[in-house]
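Hello,

Here is the structure I promised to hand over. Have a look at it first, and then read on for what I found.

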There are 2 protein chains.
Amino acid sequence: MNSVKNYFLSLLVVLTFFSCKEQQNDLSETAAEVAEVITDPLPSWNEGPSKSAIVAFVEKVTTQGSPSFVPEEDRIATFDNDGTLWSEQPMYFQLAFAIDRVKAMAADHPEWSDEQPFKALLEGDMEAVMEAGEAGLIKLVMASHTGMTGDEFETSVLDWIKTAKHPKTNQPYSSMVYQPMLELLDYLRDNGFATFIVSGGGIDFMRPWAEGVYGIPSHQIVGSSVKTKFDYNNGNPVLRKLPEINFVDDKEGKPVGIDQHIGKKPIFAAGNSDGDLQMLQYTASNPQGAFMLYVHHTDSEREWAYDRDSHIGRLDKGLDQAMADGWTVVDMAKEWKYIYPFDL
Amino acid sequence: MNSVKNYFLSLLVVLTFFSCKEQQNDLSETAAEVAEVITDPLPSWNEGPSKSAIVAFVEKVTTQGSPSFVPEEDRIATFDNDGTLWSEQPMYFQLAFAIDRVKAMAADHPEWSDEQPFKALLEGDMEAVMEAGEAGLIKLVMASHTGMTGDEFETSVLDWIKTAKHPKTNQPYSSMVYQPMLELLDYLRDNGFATFIVSGGGIDFMRPWAEGVYGIPSHQIVGSSVKTKFDYNNGNPVLRKLPEINFVDDKEGKPVGIDQHIGKKPIFAAGNSDGDLQMLQYTASNPQGAFMLYVHHTDSEREWAYDRDSHIGRLDKGLDQAMADGWTVVDMAKEWKYIYPFDL
């Protein structure tokens, strides 16, 4: 918002308000809307380089007649989820879900007491679980995410997201979303952007709750997936989730997922790790111009601090390219007034 | 629109119009919008069972407080494309594109003069092309649709859609869309539905032109696809289209494609062939209630007449189930006042 625009908007409110008393109800609504636009759209962002750069970009691409103007149908904004829209420590929240599910399902699976990594998990030996490596984790995910219908899986996700609590904050996981990023999503949508999630996380794990939490409809959520099969189930059509990977929406997979689901190159992309680098590179190649943002986890007190050496959300090559190419790197500790909505 | 609602809408126009002269411009717009709603939203549909059923369904699910009310975020409508939104005779239009592309590319592929089905195609022997069967057709599609970047393919589609003419009507293919279905798409969107294409046709073949023709954004277009690979191409990120099938969005694939791309069960689905049957069955299983529509090609004069014995767009099992379950079957000859926009 520049000051000339604010001035005219204020003038409009005043003029409209006094011009016609019969329509006071309508006008009160208009006034409220305009007031909302005039106030800071990113109140949880401290004044600083990231906030300035975001606002300057949005004004540039939305200003009719500007050489950088981008028509509304091309204002595609893609966001990673883990570590970009919500926290991802001490483990990806979807893994916490998988572990809780396996524990809940254990009574129906006596065979797990002899099978790794289930045995270790049920005995609470998380080190041994981690020693089982990627293959072990895939076993946990498959056991908790497949062999059921899509509707059954959705119910299990909703049950968990309503009840499970994060070990550090004791808050529901869906409360551990970043307040500044919620404001950024709103700000972009208010300016005609379509906002998408493009996450390495499971598409079916995010969709049940992300629509309400982020205001992003299910068809604008892209993620990793297992194969599903259409089946009749005694005349009642269902989709069965099979224990087989369909798509991995990470690294090189992100531009592919964007192409499959969106079919347009973003003009705005946000991530926090090397897993988002290809999405940001792909976005940067948009001939209409583009904005690339990395959330840098620098806040060991209010959140977590990690980057180049982290096993979760490693940001190494991406940080180098961001600095070399002048992408926006958000210093969470310095630039975010609040982290979570419950900090407000 | 029921008459009570119309009465109140008219009253609203009159009241608003006289209440405040200063805002006449705004009010003229409001009056125009209301007038548009009051007039027939489906003018190219003759009064008949299909039109009545569509309007009754839309009123039912959009009436607040009605037991059949469906909130806006769940008003998902999916449409097949070939034979449902545009014609598909004497061959799928995408096949006409593939053939034209192979001819245009032949100079760079001397090896095709000895290789079927290319040889037959270049000699104009369409019978021999068809004898090569599905394997032959896949060869043609792969040659014309892969081995290039997504941007290059998009350009080739746009060039073709602008210049190629249909052999019967001599009209551009994108003009051979059904006027009544364009009105139906608008009508649903005006009532808060999100409209999607779910087609066996290629997702990358539809997206370049379908957004403008149908008013459906690229991320709401679902179709069959080849695999793509992210590649750097000397520092300029591109997606390369590989000669390998990624997903077939037909028959059992349609509910799977809906689940992957939309993540919600439709409450409205329209098709014209047995390839759409599973999508309609899946939609019919929506506990919120749903509307299933088949376009029946009964018009040998203005379009084409075919169903149970056709190789293209066969409608056999689907017709049986539609009749048994009371789905809406549109008799194109009787129920459509106009077929194409150029008939108006």
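Which residue of β6(A) is the bridge partner of F79(A)? Please keep in mind throughout that this is a predicted model. The partner turns out to be A270(A), and that pair is a handy place to start looking at the sheet.

**The sheet in chain A**

F79(A) belongs to strand β1 (residues 76–79) of chain A, which is covered on both faces. I76(A) and T78(A) lie on one side, A77(A) and F79(A) lie on the other, and all of them are buried. As background, side chains in a regular strand alternate between the two faces of the sheet.

β1(A) has two parallel partners that I would point you to. With β6 (residues 268–271) of chain A, β1(A) pairs over three bridges. With β3(A), the pairing is parallel too, and four bridges join the strands. There, I76(A) has A194(A) as its bridge partner.

Strand β1 (residues 76–79) of chain B runs parallel to β6(B), and the two pair over three bridges. A77(B) is the residue opposite F268(B).

β6(B) also pairs with strand β7 (residues 291–296) of chain B, in the parallel sense and over four bridges.

Seven of the eight residues of α12(A) are buried, so the helix is largely enclosed by the rest of the structure. The buried residues are L277(A), Q278(A), M279(A), L280(A), Q281(A), Y282(A) and T283(A).

**Chain A as a whole**

Stepping back, chain A has 14 helices and eight strands. Of its 344 residues, 40% count as buried. If you take the contacts in chain A between residues at least 6 apart in sequence, 63% of them join residues at least 24 apart.

Where the two domains touch, 17 residues come from domain 1 of chain A and 15 residues from domain 2 of chain A. On the domain 1 side, β3 (194–202), α10 (203–214), β4 and β5 (238–247) of chain A each supply at least two residues. β5(A) gives the most to that side, with six residues. Sorted by class, the domain 1 side has nine nonpolar, four polar and four charged residues.

**A buried leucine**

L121(A) is found in helix α5 (residues 118–122) of chain A. Is L121(A) buried or exposed? L121(A) has 22 other C-beta atoms within 10 Å, and the cut-off for buried is 20 or more, so L121(A) counts as buried. Leaving out residues up to four places away in sequence, L121(A) touches I99(A), V102(A) and V129(A). L140(A) is 19 residues away along the chain, and its C-alpha atom is separated from that of L121(A) by 9.4 Å.

**How the two chains meet**

Lastly, the pair of chains. Chain A can be laid on chain B with an RMSD of 0.0 Å by a turn of 180° and a shift of 0.0 Å along the axis. That is the relation of a two-fold axis. The same surface serves both copies, since 100% of the contact residues of chain A recur in chain B.

The contact takes 31 residues from chain A and 31 residues from chain B. On the chain A side, β4 (221–231), α11 (253–261) and α12 (277–284) each supply at least two residues. α11(A) gives the most there, with five residues. By class, that side has 10 nonpolar, 15 polar and six charged residues.

Note on methods
Residues are numbered from 1 along each chain as its sequence is written. Chains are lettered from A and ligands numbered from 1 in the order in which they are written. This is a predicted model: local features need pLDDT of at least 70, side-chain atom pairs count only at pLDDT 80 or more; totals for chains, interfaces and linings use all residues. Copies are superposed by least squares on the C-alpha atoms of residues with pLDDT of at least 70 in both. Two residues are in contact if their C-beta atoms, placed from the backbone, lie within 7 Å. Ala, Val, Leu, Ile, Met, Phe, Trp, Tyr, Cys and Pro count as nonpolar, Asp, Glu, Lys and Arg as charged, and the others, Gly among them, as polar. Two strands pair if DSSP finds at least two bridges between them. A residue is buried if 20 or more other C-beta atoms lie within 10 Å of its own, exposed if 12 or fewer, and partly exposed in between; C-beta atoms are placed from the backbone.
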